[in-house]
Amino acid sequence: MKEISRLRRKFIIYNMLIVTAVIGITFTALILVLRSRGDEEGRLILERAVEQPGERLIFDAVPQVRLPYFSVLVTENGEVIMRESAYNSFPGMGYLEQLAFLGMAAKADNGILDGYQLRYLRVEQPSGHLLVFADTSYGDTVLDAVLRYGGLACAVIWLLFLGLSFLFSHWVVRPIAQSLRLQKQFVADASHELKTPITSIQGYAELIENDMIQDENMKMDFIKRIKKEAINMAGLINDILMISRLEAKDAEVVVSDVRVSVLLEEIIDSLKPAAAAGQVFMHCDCQPLSIKANPQQMKELLSNLVSNAVKYNRPG
């Protein structure tokens, strides 16, 4: 059914929008935390490098850091002196002087040297300017790995939830699908129940219209039967309304004594035109019997059985 397919698509779309938002927010928060921790670690290593024995620039206790760093002193006359290094080897003084020039030329006292993967801190001292450089390549490598593999993991999780949403969509819409099937079955049954009295009314009306009934008493009897079938139709419509109220749980089924033999005779009388048209003979042989039931519902049940017997019987 198209309605069920649309509901399933909506369920999958809304579910995946939520999953996408959760994964996106979580992954973005992870990247921001890693980047923030990398910046904090770089700042701490720079501050530790510029501290003199016995004094702290900012923190009383500096946690251990794992970023390699080195520092140089640029004297007043422009001489570059290596002061401290955590590297086992170094490219050379030319490279060191180039970094010192970039650090001195920068407007801010701390920042990132683009293209070198280095964070710098510039501190003015009596003997000149101390430049401390911390290597950020480790943090960049970690961040790149998280972006690559974390993004792949997020994609796998997203596809997994897509499959689960597709499977659960069948289970979610199952009650709705059952309700729609019941509604369609109800419409079909109601149409069948309304067709029986309409057929009787049409048969009686055609007999009267074509002057096939000359006896006035019989004509009045047919008119009464037409009226009775109209009442039956009104009862069916009321039953439809009652079922609708029952679904809303605001109606009760009224039960009373129902005389089955009398009810069958009324049904047979109402179906005589249809039986005559199909050359079907009907006879009621029922012992007096009374049961507790809803009169209109019992009439519909018996009428459905008898009308089917007439409709699907053979002539004679």
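The model is predicted, and the protein chain in it holds seven helices and seven strands. Read from the N terminus, these elements follow the order α-β-β-α-β-β-β-α-α-β-α-α-β-α.

**Chain as a whole**

- Of the 316 residues that make up the protein chain, 31% count as buried, and the accessible surface of the protein chain comes to about 20900 Å², with 60% of that area belonging to carbon and sulfur atoms.

**Crossing of helices α3 and α7**

- Helix α3, which spans residues 137–209, and helix α7 have axes that come within 11 Å and cross at roughly 75°; the two helices are therefore roughly perpendicular to each other, since angles from 65 to 115 degrees count as such.
- On the α3 side the contact is made by H192, E193 and T196, while α7 contributes E300, S303, N304, S307 and N308.
- Sorted by class, this contact of α3 with α7 has six polar and two charged residues and no nonpolar ones.

**Buried residues in the two helices**

- S200 lies in helix α3, and S200 is buried because its relative accessible area is 1%, where under 20% is the limit for that term.
- When neighbours within four places in sequence are left aside, S200 is in contact with E229, S270, L271 and P273.
- K299 has its place in helix α7, which covers residues 295–311, and with a relative accessible area of 13% K299 also counts as buried, because the limit is under 20%.
- With neighbours within four places in sequence again left aside, the contacts of K299 are N232, L263, E266 and I267.

- Strand β3, made of residues 110–113, runs antiparallel to strand β4, made of residues 118–125, and four bridges join the two.
- One of the residues involved is L113, whose bridge partner in β4 is L118.
- Four residues lie between the strands of this hairpin, in which G115 takes a positive phi near 90°.

Notes: Residues numbered from 1 in each chain as written. Predicted model: local features only at pLDDT ≥ 70, side-chain atom pairs only at ≥ 80, totals over all residues. Heavy atoms only, no water. Buried < 20%, exposed > 50% of the residue type's maximum accessible area, 1.4 Å probe, protein only. Contact = heavy atoms within 4.5 Å. Axes fitted to C-alpha atoms, helices over the stretch in contact; angles between N-to-C directions. Parallel < 35°, antiparallel > 145°, perpendicular 65-115°, else oblique. Nonpolar A, V, L, I, M, F, W, Y, C, P; charged D, E, K, R; others polar. Pairing = 2+ DSSP bridges. Areas by Shrake-Rupley, 256 points an atom, 1.4 Å probe, with all protein chains shown as cover.
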